[in-house]
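Here is a short briefing for a reader new to this structure. Look at the sequence and the model first, then read the points below.

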Amino acid sequence: MRIAVLTLTATALAGCAVGPDYQKPVLAMPAMWSDQKPSRPTKPPRLSKWWQRLRDPQLNALIDEAVAGNLDVATAKAGIREARASYRQTAGTLFPSADGSASATRNKTAATTSAGTDSDPYSQYQTGFDASWELDLFGANRRNVEAARYGLDASEEELRSTLLTLIGDVASYYAEACGYQARIGLARRAAASQMQTAALTRAMAQAGMSTAADVAKAKGQASSTEADVPTLEASYAEAMHRLSVLTGRPPAALTDRLKRSAPIPTPRLPIPTGIPADVLLARPDVRLAERQYAEYTARIGQAEAARYPSVSLTGDIDTSALKLGDLGKSSSIGWSFGPTLSVPVFNAGQLKAAVEVARAQRDQYFIAYRSSVLTALEDVENAIVSLAQERIRNTKLASSAKSYGDAARLERALYKSGETSLLDVLDAERSLYSAEDDLLQSHVAIATDYIALNKALGGGWDGTIDTAKPEIVDVRTGPRLASKPVTQ
């Protein structure tokens, strides 16, 4: 009866917990982004498969392949499996544990004095069963389980953050690769046009209407433009190599597949950006920081509970006999059952210091959470400004390229009729090439700014991800004869 009363009392106390209970922080957020007007209603951001609004099927396929094959994603999935196993392992501390044992020995006692006699050899068989249960009076184990739960949540947000970065990188490198292809084509066309000018100058020199110096200048400008091609080819190859690695393939795996030039992806603009508070729900890095803050809040309770007494219930039963068949009928049986109380008496302030360590760690993760929110807001504001200003710049560059194109055609016509100098033609051609190249780079910048804005808003992969399948599937893991190790 006394044992039963003690057990019931301890069970009632098991609902007690020490340390702070986690509450999700409420942070002051701006009401709107800097480019938004109060009179206009805000629309929530459309983050689901945002890359499809770039209208490029090849990019869509590359992103699907990257999600399936990227090694950073595989690492994050393994991290989730580790966190899940750790959570189950930690949750097991809330329940009783039991172990069984059995032994069989052959014994003999030898005489050590002249009066003693040797005993006959005999066998002894013994079986036993042990059980224990920590009652967790002040919630140390429950706080540990709570922290493990938050850690599992954090590992899932880590995967989402990895996917967000991956998709943004694939889209950015693909846009850059398309831009390099377009710029390579432009450089070759411009060089060919400039070579035609050099040929015209050579013909005019033979007719006495130009000089050898003019021919050399015209050929020099054409060669200078052609010299841009190897640099652009190298940059294009680097972008392709990066794309291949992001999809989990060797660097040159996509070279043949993507060698045909593709247009620079053009997004549908403008896009809704919602309100700043949306980043708290959409950005995986912000949610990751919040889960880590929650985890280390629970760690305080775990450290605090170590300063309080702990009670465990233990029990065991064992039986022994001289014959195996007597274990159940003609054997000696012993058992014990009762509580064990452990009280920290003196530890030179170590347990209190451990609580202070946990509180300081919690504060660091809270600051990291606030920092992640500010970084997210900054990323969105920067991306909004960059995209808006690049669109304005693109319009001006398009007008500039058109004007320089008209000027180059007029200067070439005037040069043929001998009404202008070669220097005017070369200057017009050089200006046209520079303006058209800047315009192509601006198209790439608009695409990458669009990608950056969607990343900043928290747009990532919203499909299903199989995290249960291990990277390595082991076979023949049960008991078997040991084989010789394989040596190189």
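Leu341 touches Pro309, Ser310 and Val311, leaving aside residues up to four places away in sequence. The model is a predicted one.

**Leu341**
- Leu341 sits in strand β4, which covers residues 332-342.
- Val311 is 30 residues away from Leu341 along the chain, yet their C-alpha atoms are separated by 4.6 Å.

**Gln194**
- Helix α4 holds Gln194.
- Beyond residues up to four places away in sequence, Gln194 touches Ala218, Gln221, Ala222, Thr225, Glu429 and Tyr433.

**Nonpolar cores**
- The largest nonpolar core has 62 residues.
- Trp50, Val170, Val380 and Leu453 have the most contacts inside this core.
- Elements that give two or more residues to the core include α2 (57-69), α3 (71-91), α9 (350-416) and α10 (422-457).
- Helix α4 supplies the largest share of this core, 15 residues.
- Trp50 touches Ile167, Ala171, Tyr450, Ile451, Asn454, Gly459 and Gly460, again not counting residues up to four places away in sequence.
- Another core, of seven residues, lies apart from the largest one. Among its members are Ala198, Ala218, Tyr415 and Leu426.

Key
Residues are numbered from 1 along each chain as its sequence is written. This is a predicted model: local features need pLDDT of at least 70, side-chain atom pairs count only at pLDDT 80 or more; totals for chains, interfaces and linings use all residues. Side-chain values use heavy atoms; hydrogens and water are left out. A nonpolar core is a set of buried Ala, Val, Leu, Ile, Met, Phe, Trp, Tyr and Cys residues joined through side-chain atoms within 4.5 Å. Buried means under 20% relative accessible area, exposed over 50%, partly exposed in between (1.4 Å probe, protein chains only). Helices (H or I, at least four residues) and strands (E, at least two) are DSSP runs, numbered from the N terminus. Contact means heavy atoms within 4.5 Å.
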